[in-house]
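Morning, everyone. Please have a look at the structure on the screen, and then we will go through it.

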Amino acid sequence: MRWTHWINFPILAIMIWSGMLIYWANDVYTVTIFGHTFVQFFPDWFYKLLHIPHRLAEGMAYHFLFMWFFTLNGFFYILYTIFSGEWRELVPQKKSFKEAWLVLLHDLHIRKTIPPQNKYNAAQRIAYTAIIVMGLGSLVTGLAIYKPVQFYWLTWICGGYHLARILHFGLTLGYVLFFVIHVVQVILAGWNNFRPVISGFEVVEIPPPIMVEMAAEVQNTSTMEVADEEKNTLTNQDDIADQARDDQINPSNNMQ
Amino acid sequence: MPIKKKEKKLPTVEQRIKRRNFLSFTTFFLLGGAGLGGWKWLYHSSAETPGITAGAAKPLRRALNRTELFFRNLFSNNHLVKTYPKSMAARKVRVNAHIGIEAEGFKPESWQLAVVKSAGDILNLTIEEIKSLPKTEIVYDFKCVEGWDQIQHWAGVSFVDFVSHYNLQQQIKMQYVGMETPNGEYYIGLDMESALHPQTILAYEMNEQPLAIEHGAPLRLIIPVKYGIKNLKRIGKITFSNNRPRDYWAERGYDYYSGL
């Protein structure tokens, strides 16, 4: 998961950038309601800031190179998720849609409690699955506008060449929105939540319930934070978990 | 319960966590740095040596050519561009460029098409001769590399009919077709299979009227399996070759194939 996540980040950034180099050549999309244009993609100052204009050929060359990496990376991610069984943590369940609303209320500080969860909460399940579906959507709409004659059936599924280009553009806006919310959430969740995305394991401190003195000595290191009071074992995501647990000098465990 | 001796040898949990963190973060930053380095290399890589193609960075051109080879496997003459009823065709057909057909005293009346069958064997044809061949009409969505598209109505002789009528069977065994304007200022190259696609047309009519000058009178190429940049206006010369013929936009950083 971590590998594809971090590989995807620069690839998607390059795809969006090169996509803008292409879009500039025919930048016709606006948000217009009742004849009033609210948003025009994109204003001149924005193009100038990012040195977008007059780079169509270059943009296409980058786009059609990195599309391979984007596709392969997504493919590996989906395969990994299926074979590792991780999809069970990710795919929304029946209750997720109802619960996601409660999670949202909680995150907005409207509700105090949050529904019980495993690795990901209901809102995360929906968001992280949606982003994969969106990735697939970008691939399909992309192919539909890239080879509309050879893949005429894809273009047909996407509602024609015009709509496919709009969907392709819209999905990109979706990524940007996802990115903003994602980064804000990651910052709010803190370092101990972020670190595992790089290192692959999570450190959960055990509040020592009975044998206070010894336990405190062992576990009171500066980098650790109290992450989850309900859990009272050292739980790791990777294989280190079991070893670590075996090696752990944990008086409370030993006592049991 | 672990044996005491073993416990002494093994590092503590904190050491293991620290070590593991250190390794992961080192790997992360090393790979990140390598990625950034790779990107910088690609972004600043030198331009290709100008030849049939030019104007793109070397690795990007290599990627374009490889991608072409992959997608050519998926090309089929059975994949037809979607067609529309005539009523949907645009009345005002977009004119995007005049390269090769700028005003320069061109006389459509004295125009002749030169088909170079081989060195020294040139077939010269008048527009009347071409108009006497079976006519093919198409109403389809013309697509520009810039991203716009427009439903347009064209008519002329399909390239397949043209080839069989003038017995160019030997010539179409070659891999490429080249076309250029009479003044040689705009020129394109096509892979043979795209040229022989059933919807490739040497067009002399638009919206059931003879072509206007700005649309490429008297004869232009309409090739729906390519972007607009390959749809040459005012064809002066047609050549055949086993090597890629020169191509105006491929010399300016665009993909040579530009297939749809």
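How many salt bridges does the rule find across the interface of chain B and chain A? The rule finds 0. A salt bridge here is a side-chain nitrogen of Lys or Arg within 4 Å of a carboxyl oxygen of Asp or Glu.

Some ground rules. This is a predicted model: local features need pLDDT of at least 70, side-chain atom pairs count only at pLDDT 80 or more, and totals for chains, interfaces and linings use all residues. Residues are numbered from 1 along each chain as its sequence is written, chains are lettered from A and ligands numbered from 1 in the order written, and side-chain values use heavy atoms, without hydrogens and water.

Now the interface. Chain B brings 43 residues to the contact and chain A brings 50; contact means heavy atoms within 4.5 Å.

Who supplies the chain B side? By residue class, that side has 27 nonpolar, 8 polar and 8 charged residues. Nonpolar means Ala, Val, Leu, Ile, Met, Phe, Trp, Tyr, Cys and Pro; charged means Asp, Glu, Lys and Arg; the others, Gly among them, are polar.

Next, chain B itself. It has 6 helices and 10 strands. These are DSSP runs, numbered from the N terminus: helices are H or I with at least four residues, strands are E with at least two. Of its 260 residues, 50% count as buried, meaning under 20% relative accessible area (1.4 Å probe, protein chains only). In chain B, 68% of the contacts with a separation of 6 or more join residues 24 or more positions apart.
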